[in-house]
Amino acid sequence: MTLLVVLTVIEIVVLIAALAFYLFWVGTLLARIATNLEECAEIVRGIVADAALIGPGVEHINETGGVVAGALPLLYGMAEEIVTDVTPRPGQPAEPEPARPASGTRRSRLLHAVGFSPDLSRTSRAAPESEGFPTLPPCPFEGVGNQGKRNAAARSRC
């Protein structure tokens, strides 16, 4: 029985020594963290002191920016009036030119199907046939009727 008591006491002493080493190690880590936090606190105090000096200037800049932003629509309108007054305007033509697409007139099978031929004599662009384009043949699917999606897809190819 004495051997069992001695081994138990030795085990308790080893456990207490391990706990003491662990607490010493944790204390060292916490001391390093405390030192770093003190340095950070000094840096933060310096930043706060600098911000206290800069603060009134920033408030003045924000107020001035608000005044300028409020005046921008008025200034923009005045600038537009000046530009329109100074810009020379070409004389108005006696008869305005009709509106036409920038790419010219498109050939359409829909217009061809109903027998419509646009009058291109009033525009600066000639008819497509005069540029060497052949006339469009009639679509073979016209007048077939609605017989489902297959014929609709075929008609869309025309």
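Helices here are DSSP runs of H or I at least four residues long, numbered from the N terminus. With that in hand, let us walk through this model, which is predicted.

Start with the overall layout. The protein has three helices and zero strands, and reading along the sequence gives the pattern α-α-α. Helix α1 covers residues 2–86, while helix α3 covers residues 149–156. How much of the protein is buried? Buried residues make up 4% of the 158 residues. The protein exposes about 13,900 Å², and carbon and sulfur atoms supply 68% of that area. As for contacts between residues at least 6 apart in sequence, 43% of them join residues at least 24 apart.

The mean pLDDT of the protein is 78, and 66% of the residues reach 70 or more. Among the elements, helix α1 has the highest mean pLDDT, at 92, whereas helix α3 has the lowest, at 52.

Val6 has a relative accessible area of 45%, so it counts as partly exposed. A nonpolar residue can join such a patch when its relative accessible area is over 30%, and the 45% of Val6 is given on that scale.

A search of the whole structure finds one aromatic pair. The rings of Tyr22 and Trp25 have centres 6.3 Å apart and planes at 45°, and the pair is therefore tilted. That label rests on the angle, because planes under 30 degrees apart would count as stacked and those over 60 as edge-to-face. Where do the two residues sit? Tyr22 and Trp25 both lie in helix α1, three residues apart, which is about one turn of the helix. Tyr22 is partly exposed, with 47% relative accessibility, and Trp25 is partly exposed too, with a relative accessible area of 47%.

Which side chains meet in it? They are those of Arg45 and Glu42, with 2.5 Å from N to O. That falls inside the limit, because a salt bridge needs the nitrogen within 4 Å of a carboxyl oxygen. Arg45 and Glu42 are three residues apart in helix α1, so about one helical turn separates them. Both partners are on the accessible side of the scale: Arg45 is exposed, and Glu42 is exposed as well.

Notes
Residues numbered from 1 in each chain as written. Predicted model: local features only at pLDDT ≥ 70, side-chain atom pairs only at ≥ 80, totals over all residues. Heavy atoms only, no water. Helix = DSSP H or I, 4+ residues; strand = E, 2+ residues; numbered from the N terminus. Buried < 20%, exposed > 50% of the residue type's maximum accessible area, 1.4 Å probe, protein only. Contact = heavy atoms within 4.5 Å. Areas by Shrake-Rupley, 256 points an atom, 1.4 Å probe, with all protein chains shown as cover. Phe/Tyr/Trp six-rings, centres within 6.5 Å; stacked < 30°, edge-to-face > 60°. Salt bridge = Lys/Arg side-chain N within 4 Å of Asp/Glu carboxyl O. pLDDT = per-residue confidence, 0-100.
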